Amino acid sequence: MSTRIKGISLYKNILRAHARYLPHEMKQLGDAYVKAEFRLHTKAQPEQLEGFFAEWDKYLIHVERTGREKQLVDAALIDAAPQQQQHGSNANQTINRKKGFGQDVSGEVPFNDEQKEQLQKLREEAINAAKK
């Protein structure tokens, strides 16, 4: 698949996932952020695009998985608190699944300065979007 087609397909899939799984305010913010990021990378080198697409693929999987789990919990098809497993990475995956959109993770996850700055910008954009 060509890089251009892969990028367009990934972009559309992310927007569809936002429409299906995110609350309206988060969808607006997420759509704007995705649009800006993909526009910034329209002229990126192919080796840069590999990493870019890989990270957005991970994001898409996360949005879909979290959204589906929330739908199942809302429909009472699964318990809200998955059982803790004591097996290395499985335990970490279970803990990560408990974290949903909009939850405060600042005390739990070590962020570098760039990540903290980006989170602050996103927070400010979310507050401004809510005011409109």
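Predicted model: local features only at pLDDT ≥ 70, side-chain atom pairs only at ≥ 80, totals over all residues.
How far apart should the ends of the 29-residue helix α3 be at 1.5 Å a residue, and why does the model agree?

View 1. Residues are numbered from 1 along each chain as its sequence is written, and side-chain values use heavy atoms, without hydrogens and water. Helix α3 covers residues 46-74 and should span 42 Å, because the expected span is 1.5 Å times one less than the number of residues. Its end C-alpha atoms are 41 Å apart, which agrees. Helices are DSSP runs (H or I, at least four residues), numbered from the N terminus. After α3 comes Ala-76, with a positive phi near 60°.

**View 2. The buried residues of α3.** Buried means under 20% relative accessible area (1.4 Å probe, protein chains only). In α3, Leu-49, Phe-52, Phe-53, Trp-56, Leu-60, Val-63, Thr-66 and Gly-67 are buried. The buried residues of α3 pack against α1 (3-21) and α2.

**View 3. Leu-10 and its contacts.** Contact means heavy atoms within 4.5 Å. Beyond its neighbours within four places in sequence, Leu-10 contacts Phe-38, Phe-53, Trp-56, Asp-57 and Leu-60.

**View 4. Glu-37, a buried charge.** Glu-37 sits in helix α2 (residues 24-40). Glu-37 is buried but has no salt bridge (a side-chain nitrogen of Lys or Arg within 4 Å of a carboxyl oxygen of Asp or Glu). Lys and Arg count as positive, Asp and Glu as negative; His and the chain ends are not counted. The nearest side chain of opposite charge, Lys-121, is 9.4 Å away. Not counting residues up to four places away in sequence, Glu-37 touches Phe-52 and Trp-56.

Terms used. Helix = DSSP H or I, 4+ residues; strand = E, 2+ residues; numbered from the N terminus. Buried < 20%, exposed > 50% of the residue type's maximum accessible area, 1.4 Å probe, protein only.
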